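This briefing is intended for reading alongside the sequence and the model. Please keep both in view while going through the points.

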Amino acid sequence: MQVYGADVASFPVDHDGTALAKYRRVKLTTTGTKLELSGATDVRLGFTSETVLADTTNTPKVPVVPRTAPVVKMVAAGAIGKGAAVYGAASGKVQSTAGSNEKIGQALTAAAADGDIILVAQTVHDDVPAVS
């Protein structure tokens with residue numbers, strides 16, 4: 001799969017049948033077997049590259065682009081300036097407020113409001129905390 005000119009391997013992951021919107025940060029559930037949206041302070045597994053409709057019967061696999069992809073589209077939780085540092089926000093979105101949230105990277109485009117889609121250059125950390 002190509003993500004903004006770079007070859008990135010996406011990998012399919014099961015989910016619990018709930019709808020997942022594209023360009024959202026995702027993580028594994030506490031059982032480590034299913035996918036769900038990342039909360040504000042959660043460490044992301046990657047991000048969704050497609051919208052997955054709710055389907056509790058078939059529970060299709062979700063293509064996940066890993067956190068190592070260099071540039072990705074993400075959904076903003078509010079206004080974010082171009083060049084601002086970007087951090088995790090609730091519902092798999094990103095914001096420019098740090099707090100104790102995971103640093104995602106740097107905004108390459110600006111967001112005017114909640115729900116805007118922006119380009120983010122992801123930061124890959126060597127000191128990622130263990131997923132609990």
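This is a predicted model: local features need pLDDT of at least 70, side-chain atom pairs count only at pLDDT 80 or more; totals for chains, interfaces and linings use all residues.

Residues are numbered from 1 along each chain as its sequence is written, and side-chain values use heavy atoms, with hydrogens and water left out. Helices (H or I, at least four residues) and strands (E, at least two) are DSSP runs, numbered from the N terminus.

**The sheet**

- Five strands make up an open sheet with antiparallel pairing, in the order E8-E12-E11-E9-E10; two strands count as paired if DSSP finds at least two bridges between them.
- Strand E8 (71–75) and strand E10 (94–95) stand at the edges with a single partner strand each, so one side of each has no neighbour in the sheet.
- Five bridges pair E8 with E12 in the antiparallel sense, and Lys73 has Leu119 in E12 as its bridge partner.
- Strand E11 (residues 103–107) is joined to E12 by three bridges, again in the antiparallel sense; here Gln106 stands opposite Ala121 in E12.
- Strand E9 (residues 85–88) runs antiparallel to E10, with two bridges between them, and Gly88 has Val94 in E10 as its bridge partner.
- In a regular strand the side chains alternate between the two faces of the sheet.
- In strand E12 (residues 117–122), Ile118, Val120 and Gln122 belong to the covered face, whereas Ile117, Leu119 and Ala121 belong to the uncovered face.

**Positive phi angles in loops**

- Most residues other than glycine have a negative phi, and most peptide bonds are trans.
- Tyr23, a residue other than glycine, has a positive phi near 65°.
- Tyr23 lies in the loop between strand E3 (11–13) and strand E4 (25–28), and its relative accessible area of 14% makes it buried. Buried means under 20% relative accessible area, exposed over 50%, and partly exposed in between (1.4 Å probe, protein chains only).
- Ser91, likewise a residue other than glycine, has a positive phi near 60°.
- Ser91 belongs to the loop between E9 and E10 and is partly exposed, at 40% relative accessibility.

**Lys22 and its contacts**

- Lys22 is located in the loop between E3 and E4, where it is partly exposed at 36% relative accessibility.
- The C-alpha atoms of Lys22 and Thr51 are 4.5 Å apart in space, although the two residues are 29 residues apart in sequence.
- Leaving aside residues up to four places away in sequence, Lys22 touches Thr48, Ser49, Glu50, Thr51 and Val75; contact means heavy atoms within 4.5 Å.

**Arg25**

- Arg25 is placed in strand E4.
- A salt bridge requires a side-chain nitrogen of Lys or Arg within 4 Å of a carboxyl oxygen of Asp or Glu.
- The Arg25 side chain instead reaches the backbone oxygen of Gly39 at 2.7 Å.
- A polar atom of the Arg25 side chain also lies 2.7 Å from the backbone oxygen of Lys93.

**Salt bridges**

- Side chains of opposite charge can pair when their charged atoms come close.
- The count of salt bridges comes to five.
- Glu102 and Arg44 meet in a salt bridge through their side chains, at 2.5 Å from N to O. This pair links distant parts of the chain, 58 residues apart: Glu102 is in the loop between E10 and E11, and Arg44 is in the loop between strand E5 (35–37) and strand E6 (46–48). Glu102 and Arg44 are both buried.
- Glu102 also forms a salt bridge with Arg67, whose closest N and O atoms are 3.0 Å apart. Here too the pair links distant parts of the chain, 35 residues apart, with Arg67 in the loop between strand E7 (62–66) and E8. Arg67 is buried, as is Glu102.
- Lys27 is buried at 19% relative accessibility, whereas Glu36 is partly exposed, with a relative accessible area of 26%.

How values were computed:
A polar contact is a pair of N or O atoms within 3.5 Å; within protein, one must be able to donate a hydrogen and the other to accept it, and residues adjacent in sequence count only if both atoms are side-chain atoms.
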